[in-house]
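Colleague: I am new to this structure. Please show me how to read it, feature by feature.

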Amino acid sequence: MWKARSKVALKKKKGKKWGKKVTGVEDYGESMKLMVEAYKDAAKDKNKKEKSYEDAEEYSGDKLQDAYRTGNLDLLDSINKYNSVSDAFDEKFLYKRNEIQANSIDSILKSGSTLFVGVGAAHLPGERGVIE
């Protein structure tokens, strides 16, 4: 978590240095609230799946890292779906946050502003991803 926040801070600092407007596409407090709710929902989820990276070579942690490094979003999405242990968790931690981020991006673009966006790679692909 610390590394992610320090990277965000560095990007904000560079953006300001270059005279760019810097804003977020999700509120930190809101995303932390959703994360807590996601863990609570997952704990109550009666349909938890027993999967792990070790179950199948094609869905291993190494393959996930390769997909991330090469930008293979389809493979990244497939591996994340395979290894998901709770649909209830994914709903809040991933999909609800995707909606928030996509709506923020859309609002910024509609204002006529130029935009560079950085979001976690897992938020990009799939039917409910930020790209869609």
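This is a predicted model: local features need pLDDT of at least 70, side-chain atom pairs count only at pLDDT 80 or more; totals for chains, interfaces and linings use all residues.

Colleague: Which secondary structure elements does the protein chain have, helices or strands?

Modeller: Start by counting elements. The protein chain has five helices and zero strands. Read from the N terminus, the order is α-α-α-α-α.

Colleague: What box do the C-alpha atoms fill?

Modeller: Along the principal axes, the box is roughly 50 × 30 × 30 Å. Burial is another overall figure. Of the 132 residues in the protein chain, 24% count as buried.

Colleague: How do I read contacts along the sequence?

Modeller: Look at how far apart the partners sit in the sequence. Take the contacts between residues at least 6 apart: 68% of them join residues at least 24 apart.

Colleague: Now the helix pairs. At what angle do H2 and H5 cross?

Modeller: Helix H2 covers residues 28–44 and helix H5 covers residues 87–110. Their axes cross at roughly 155° and come within 6 Å. An angle over 145 degrees counts as roughly antiparallel, so H2 is roughly antiparallel to H5. The crossing of these two helices is right-handed.

Colleague: Which residues of H2 and H5 make the contact?

Modeller: On H2, they include Leu34, Met35, Ala38 and Tyr39. On H5, Phe89, Phe93 and Ile100 are among them. Charged residues take part too, including Glu30 of H2 and Lys92 of H5. By class, the contact of H2 with H5 has nine nonpolar, one polar and six charged residues.

Colleague: And how do H3 and H4 pack?

Modeller: Helix H3 is residues 61–70, and helix H4 is residues 73–83. Their axes lie 8 Å apart, at an angle of about 150°. That angle makes H3 roughly antiparallel to H4. Here the crossing is left-handed.

Colleague: Which residues meet there?

Modeller: H3 brings Lys63, Leu64 and Ala67. H4 brings Leu75, Leu76, Ile79 and Asn80. This contact of H3 with H4 divides into five nonpolar residues, one polar and one charged.

Colleague: What does Ala67 touch?

Modeller: Leave out residues up to four places away in sequence. Ala67 then touches Asn72, Leu75 and Leu76.

Conventions. Residues are numbered from 1 along each chain as its sequence is written. Side-chain values use heavy atoms; hydrogens and water are left out. Axes are lines fitted to C-alpha atoms, for helices over the stretch in contact, and angles run from 0 to 180 degrees between N-to-C directions. Helices (H or I, at least four residues) and strands (E, at least two) are DSSP runs, numbered from the N terminus. Angles under 35 degrees count as roughly parallel, over 145 as roughly antiparallel, 65 to 115 as roughly perpendicular and the rest as oblique. A crossing is left-handed if the near helix is turned anticlockwise from the far one by less than a right angle, and right-handed if clockwise. Contact means heavy atoms within 4.5 Å. Buried means under 20% relative accessible area, exposed over 50%, partly exposed in between (1.4 Å probe, protein chains only).
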